[in-house]
Amino acid sequence: MTGEALQGIVDRWANEIYAHRGHGGLGGITPFARAATSTRPIRTVDADALATLLMQAPDAEGTRTVSKNGVRIGGFHYLTPDCLPGERVFVRLDPQDAGTAWLFDETGDRFIGRAINSQRAGVDPAELVAQTRAAQKAKIDADMAQVTRHARKTITQRTVLEARLKDAAAAAGNLVAFPPRSEIHSTPALDAGLEIAAIRRGEHLTPPRLDPVAQAQIEADLAPPEPSTVTPLRLSETPHQRFRRARQLEATLAEGGELQTDDAIWLGGYRKTAEYHAHSTIEADFGEAALR
């Protein structure tokens with residue numbers, strides 16, 4: 001519907017329907033009857049003058065300060081031969097010519113002059129707005145097409161899958177699993193392997209394999225003596241004394257000496273005990289002085 005067609009419908013509604021309805025504000029009289037009986041003169045307004053006052057301002061404020069280049073409206077400078085730089089003016093845009101603006105004083109009541117932009121002179125504002133929007137849309141469509149082509153090249157199922165794997169790896173990196181319960185599994189073959197590995201590392205020599213009689217003798221030597229009528233200061237060797245005894249026997253072997261059979265058997269058995277290994281660790285960490 002054009003503006004003229006809409007105005008025709010509104011005029012008919014006002015004249016043929018609204019004007020013939022009674023109104024409470026008029027005491028139940030219709031507007032038509034009230035106007036017909038009124039003796040007050042009808043005040044009229046020139047249509048062109050009213051149209052001028054209804055011209056649109058360039059923005060909500062509508063005021064501009066005149067510079068040496070005139071007034072700036074929408075990124076363009078409009079020359080103002082009737083105004084001086086520094087003067088504040090109220091601007092109304094000509095609805096039929098984008099290159100013309102009409103200037104008033106700050107109150108918007110007193111006409112001052114005309115402002116002209118030669119680049120836009122003679123151009124229909126509505127047509128200029130439509131062309132501007134069309135150009136903007138074409139630019140946006142072209143940019144979006146380029147973005148779409150770039151996205152199709154750079155964002156594929158492979159890149160998305162790699163991103164998902166990367167996120168999953170990052171999430172997994174924040175988790176710490178508790179160590180599972182473990183126990184040492186031992187078999188005769190594994191024990192033999194451990195023994196050979198220790199020998200290759202030079203940690204200790206393989207102790208001689210003892211028969212049951214020799215093992216019983218070692219245990220008897222390590223056991224405390226039977227109680228007697230004499231109360232000795234110590235009932236048996238202390239762990240430190242046994243370890244020093246073992247070290248002395250090992251020193252004899254290291255110097256090429258020979259041990260008595262009983263000492264050799266005892267040393268071989270003692271090396272297999274937890275006491276020997278514990279004192280060896282203490283000696284290695286803190287020195288011989290820690291065993292005195």
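**Exercise 1. State how many helices and strands the protein has, and what share of its residues is buried.**

Solution. The protein contains 10 helices and 6 strands, where helices (H or I, at least four residues) and strands (E, at least two) are DSSP runs numbered from the N terminus. This is a predicted model, in which local features need pLDDT of at least 70 and side-chain atom pairs count only at pLDDT 80 or more, while totals for chains, interfaces and linings use all residues. Residues are numbered from 1 along each chain as its sequence is written, and side-chain values use heavy atoms, with hydrogens and water left out. Turning to burial, 17% of the 292 residues count as buried; here buried means under 20% relative accessible area, exposed means over 50%, and partly exposed lies in between, with a 1.4 Å probe and protein chains only. As for contacts (heavy atoms within 4.5 Å), those with a separation of 6 or more come to 43% from residues 24 or more positions apart.

**Exercise 2. Work out the strand order of the open sheet of 4 strands, and then follow its bridges from β1 to β6.**

Solution. Step one is the order, which is β1-β4-β5-β6 with antiparallel pairing; two strands pair if DSSP finds at least two bridges between them. The edges are taken by β1 (63-65) and β6 (111-116), each of which has a single partner strand, so one side of each is left without a neighbour in the sheet. On average, and with direction ignored, neighbouring strands of this sheet are turned by 40° against each other, the axes being lines fitted to C-alpha atoms (for helices over the stretch in contact), with angles that run from 0 to 180 degrees between N-to-C directions.

Step two is the pairing of β1 with β4 (residues 88-93), which are antiparallel and joined by 3 bridges. Thr65 stands opposite Arg88 in β4, and Thr63 stands opposite Phe90.

Step three moves on to β5, which is joined to β4 by 4 bridges, again antiparallel, in a hairpin that has 6 residues between the two strands. Phe90 stands opposite Phe104 in β5, while the bridge partner of Arg92 in β5 is Trp102. The charged end of Arg92 also sits over the ring of Phe104, 4.5 Å from its centre; the criterion is NZ of Lys or CZ of Arg within 6 Å of the ring centre and within 35 degrees of the ring normal.

In the hairpin of β5 and β6, which has 6 residues between the strands, Gly108 takes a positive phi near 85°. Since 4 of the 5 residues of β5 are buried, this strand is largely enclosed by the rest of the structure.

**Exercise 3. Classify the aromatic pairs Trp13 with Tyr18 and Trp266 with Tyr270.**

Solution. Rings of Phe, Tyr and Trp (its six-membered ring) pair if their centres lie within 6.5 Å, and planes under 30 degrees apart count as stacked, over 60 as edge-to-face and the rest as tilted. The structure holds 6 aromatic pairs. One of them joins Trp13 and Tyr18, at 5.3 Å centre to centre with 35° between the planes, and is tilted. Trp13 is partly exposed at 42% relative accessibility, as is Tyr18 at 37%.

The pair of Trp266 and Tyr270 is stacked, with 4.9 Å centre to centre and 10° between the planes. Both residues lie in helix α9 (residues 261-270), 4 residues apart, about one turn of the helix, and both are buried. Phe243, Trp266, Tyr270 and Tyr276 form one aromatic cluster, and Arg245 lies over the face of Trp266, at 3.9 Å from the ring centre.

**Exercise 4. Determine how helices α8 and α10 cross, and which residues meet.**

Solution. The axes of α8 (residues 239-254) and α10 (residues 274-286) come within 10 Å and cross at roughly 80°. That makes α8 roughly perpendicular to α10, given that angles under 35 degrees count as roughly parallel, over 145 as roughly antiparallel, 65 to 115 as roughly perpendicular and the rest as oblique. On the α8 side the residues in contact are Pro239, His240, Arg242, Phe243, Ala246, Arg247 and Glu250, and these meet Glu275, Tyr276, His279, Ser280 and Glu283 in α10.
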